[in-house]
Amino acid sequence: MKVKLTCPCGESFNVNSENFKNKTSIVCQNCSTEFPKEYFEQFKDAIRTLGKLENNFKYKTDDNGFEIPYWKFEL
Ligand SMILES: [Zn+2]
């Protein structure tokens, strides 16, 4: 799952829940402003939890293994 972040400088970029595991910070590529450290772990956990949840939704299949329509969400 990708999440779009917009820095106070106006630069937007996507972070991917799959790549979050080893990250300890997010820094804007444009102006080097860092995502607030005090919220980073909470943010990371939330995105990774949503990412895992989304995988369950994405691969919902019927008894024959065919993908079937199901609830979707995106950020
Ligand atoms: Zn920035």
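1. Burial comes first. A residue counts as buried if 20 or more other C-beta atoms lie within 10 Å of its own, as exposed if 12 or fewer do, and as partly exposed in between; C-beta atoms are placed from the backbone.

2. On provenance and numbering. This is a predicted model, in which local features need pLDDT of at least 70, side-chain atom pairs count only at pLDDT 80 or more, and totals for chains, interfaces and linings use all residues. Residues are numbered from 1 along each chain as its sequence is written.

3. On confidence. pLDDT is the predictor's confidence in each residue, from 0 to 100. The protein averages 88, and 100% of the residues score at least 70. Among the elements, strand 1 has the highest mean pLDDT (91) and helix 1 the lowest (87).

4. On the overall layout. The secondary structure comes to 1 helix and 2 strands. Helices (H or I, at least four residues) and strands (E, at least two) are DSSP runs, numbered from the N terminus. Along its principal axes the C-alpha trace spans about 50 × 20 × 15 Å.

5. On the hairpin. Strand 1 (residues 2-6) and strand 2 run antiparallel, joined by 5 bridges. Two strands pair if DSSP finds at least two bridges between them. The two strands form a hairpin with 5 residues between them. Glycine 10, in the turn, has a positive phi of about 105°. Leucine 5 stands opposite phenylalanine 13 in strand 2, and threonine 6 stands opposite serine 12. Strand 2 (residues 12-16) lies largely in the open, because 0 of its 5 residues are buried.

6. On the loop between strand 2 and helix 1. Serine 32 sits here. Its phi is near 70°, a positive value in a residue other than glycine. Most residues other than glycine have a negative phi. Serine 32 is exposed, with 9 other C-beta atoms within 10 Å.

7. On threonine 33. This residue is in the loop between strand 2 and helix 1 too. Threonine 33 is partly exposed, with 13 other C-beta atoms within 10 Å. Leaving aside its neighbours within four places in sequence, threonine 33 is in contact with Cys7, Pro8, Cys9 and Cys28. Contact means C-beta atoms, placed from the backbone, within 7 Å. Lysine 21 is 12 residues from threonine 33 along the chain, and their C-alpha atoms are separated by 21 Å.

8. On helix 1. Helix 1 (residues 37-58) has 22 residues and reaches 31 Å from its first C-alpha to its last, close to the 32 Å expected at 1.5 Å a residue. The expected span is 1.5 Å times one less than the number of residues. Helix 1 is hardly covered, with a count of 0 buried residues. Lysine 37 belongs to this helix. Lysine 37 is exposed, with 10 other C-beta atoms within 10 Å. The C-alpha atoms of lysine 37 and serine 25, 12 residues apart along the chain, are separated by 7.0 Å.

9. On contact range. Among contacts between residues at least 6 apart in sequence, 32% join residues at least 24 apart.

Key: Contact = placed C-beta atoms within 7 Å.
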